[in-house]
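User: Hi! Could you walk me through this model while I have it open?
Analyst: Happy to; here it is.
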Amino acid sequence: MKIITLCGSTKFKEQFEQANAFLTLQGNIVIGLAFFEQSEGFEITEQQAELLGNLHFRKIDISDEIFVIDVNGYIGSSTKREIEYAKEKGKAIRYYSNGEIPANVF
């Protein structure tokens, strides 16, 4: 059993849910996002965005690895920072775009 933090753009809610289900059914503890501001149309302030970013770094700290939701290879600036942070901390990094997760989990 591993602790895995999901990272990626909040516009990919469906893929986050798919990855969460797949990785959980493999017996992992999966840490996701609190909400999907881009997918769900939430407006957040710069201060809130900074808070969420710092919280995500703490999630990475307690994880064995991160799983990057990079649909069609898309990695935004926040996700790039999370990947670099995970590398600095010696965390394993896997990518959604590698096709490891089947389209129909259930």
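User: Why is S3 described as largely enclosed?
Analyst: Because five of the five residues of S3 are buried, the strand is largely enclosed by the rest of the structure. In a regular strand the side chains alternate between the two faces of the sheet.
User: Before I go on, where does the model come from?
Analyst: It is a predicted model, in which local features need pLDDT of at least 70 and side-chain atom pairs count only at pLDDT 80 or more, while totals for chains, interfaces and linings use all residues. Residues are numbered from 1 along each chain as its sequence is written, and side-chain values use heavy atoms, with hydrogens and water left out.
User: And what is the mean pLDDT of the chain?
Analyst: The mean is 90, and 92% of the residues reach 70 or more. pLDDT is the predictor's confidence in each residue, from 0 to 100.
User: Noted. In what order do the strands sit in the sheet?
Analyst: Four strands form an open sheet in the order S2-S1-S3-S4, with parallel pairing. S2 and S4 (92-95) are the edge strands, each with a single partner, so one side of each has no neighbour in the sheet. The twist averages 25° from one strand to the next; angles run from 0 to 180 degrees between N-to-C directions, and axes are lines fitted to C-alpha atoms, for helices over the stretch in contact.
User: How many bridges join S1 to S3?
Analyst: Five bridges link S1 (residues 3-8) with S3 (residues 65-69). Strands count as paired if DSSP finds at least two bridges between them. Across that pairing, Leu-6 stands opposite Phe-67 and Thr-5 stands opposite Ile-66.
User: What about the other two pairings?
Analyst: S1 and S2 pair over three bridges, in the parallel sense, and there Thr-5 stands opposite Ile-31. S3 and S4 pair over four parallel bridges, where Glu-65 has Ala-92 as its bridge partner.
User: Is S1 mostly covered or mostly open?
Analyst: S1 is mostly covered, as five of its six residues are buried.
User: Which strands do H3 and H4 lie across?
Analyst: H3 lies across S1, S2 and S3, at about 145° to S1. H4 lies across S1, S3 and S4, at about 160° to S3.
User: At what angle do those two helices pack?
Analyst: H3 (residues 46-61) and H4 (residues 77-88) pack at about 35°, with axes 10 Å apart. The contact, meaning heavy atoms within 4.5 Å, involves His-56, Phe-57, Arg-58, Ile-60 and Asp-61 of H3 and Arg-81, Glu-82, Tyr-85 and Ala-86 of H4.
User: Changing topic: what does Arg-94 touch?
Analyst: Setting aside neighbours within four places in sequence, Arg-94 contacts Ile-4, Leu-23, Glu-65, Ile-66, Phe-67, Val-68 and Glu-100. Arg-94 lies in S4 and is partly exposed at 21% relative accessibility.
User: What is the phi of Asn-72?
Analyst: Phi of Asn-72 is near 55°, a positive value in a residue other than glycine. Asn-72 sits in the loop between S3 and H4 and is exposed, with a relative accessible area of 81%.
User: Last one: where is Lys-11?
Analyst: Lys-11 is in the loop between S1 and helix H1 (13-25). Lys-11 is partly exposed, at 41% relative accessible area.

Note on methods
Buried < 20%, exposed > 50% of the residue type's maximum accessible area, 1.4 Å probe, protein only.
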